[in-house]
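Thanks for making time. I have one structure to go through, and I will keep it short.

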Amino acid sequence: MKPDGNVIRGPGGSLALPEFDEASLDLLMLIEGETSGAPLDEVLARFGRSRSTYYDKLRRFREQGLEGLIAQ
């Protein structure tokens with residue numbers, strides 16, 4: 001799976017994510033941050049997030065799943 005903009009691309013096709021869907025973008029950021037091997041600073045710059053925000057979202061995702069990424 002290779003994120004490209006707001007699109008996830010893989011060997012079988014692609015899935016576009018709506019730009020206004022913050023939970024989807026947060027999930028994409030976490031997937032890229034945890035699996036891509038890219039430096040976290042690069043991932044954070046791409047998504048315009050701070051390190052503290054990233055780790056807060058990662059914690060919430062691990063504790064609550066996708067529901068933890070949905071704005072309250």
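This is a predicted model: local features need pLDDT of at least 70, side-chain atom pairs count only at pLDDT 80 or more; totals for chains, interfaces and linings use all residues.

Where does Leu 40 lie? Leu 40 is part of helix H2. Leaving out residues up to four places away in sequence, Leu 40 touches Gly 33, Arg 51, Tyr 54 and Tyr 55. Between Leu 40 and Arg 62, which are 22 residues apart along the chain, the C-alpha separation is 18 Å.

Next, the helix pair. Helix H2 covers residues 40-47 and helix H3 covers residues 51-64; the two pack at an angle of about 95°, and their axes are 10 Å apart. H2 is therefore roughly perpendicular to H3. On the H2 side the contact uses Leu 40, Asp 41 and Leu 44, which meet Arg 51, Tyr 54 and Tyr 55 of H3. Sorted by class, that contact of H2 with H3 holds four nonpolar residues, two charged residues and no polar ones.

Now helix H1, residues 22-35. H1 has 14 residues and reaches 20 Å from its first C-alpha to its last, close to the 20 Å expected at 1.5 Å a residue. At the start of H1, Asp 21 places a side-chain oxygen within 3.3 Å of the backbone nitrogen of Ala 23. Which residues of H1 are buried? They are Ala 23, Ser 24, Leu 25, Asp 26, Leu 28, Met 29, Leu 30 and Glu 32. Just after H1, Gly 37 has a positive phi of about 85°.

That is the end of my part.

Definitions and conventions: Residues are numbered from 1 along each chain as its sequence is written. Side-chain values use heavy atoms; hydrogens and water are left out. Axes are lines fitted to C-alpha atoms, for helices over the stretch in contact, and angles run from 0 to 180 degrees between N-to-C directions. Helices (H or I, at least four residues) and strands (E, at least two) are DSSP runs, numbered from the N terminus. Angles under 35 degrees count as roughly parallel, over 145 as roughly antiparallel, 65 to 115 as roughly perpendicular and the rest as oblique. Contact means heavy atoms within 4.5 Å. Ala, Val, Leu, Ile, Met, Phe, Trp, Tyr, Cys and Pro count as nonpolar, Asp, Glu, Lys and Arg as charged, and the others, Gly among them, as polar. The expected span of a helix is 1.5 Å times one less than its number of residues. Buried means under 20% relative accessible area, exposed over 50%, partly exposed in between (1.4 Å probe, protein chains only). A polar contact is a pair of N or O atoms within 3.5 Å; within protein, one must be able to donate a hydrogen and the other to accept it, and residues adjacent in sequence count only if both atoms are side-chain atoms.
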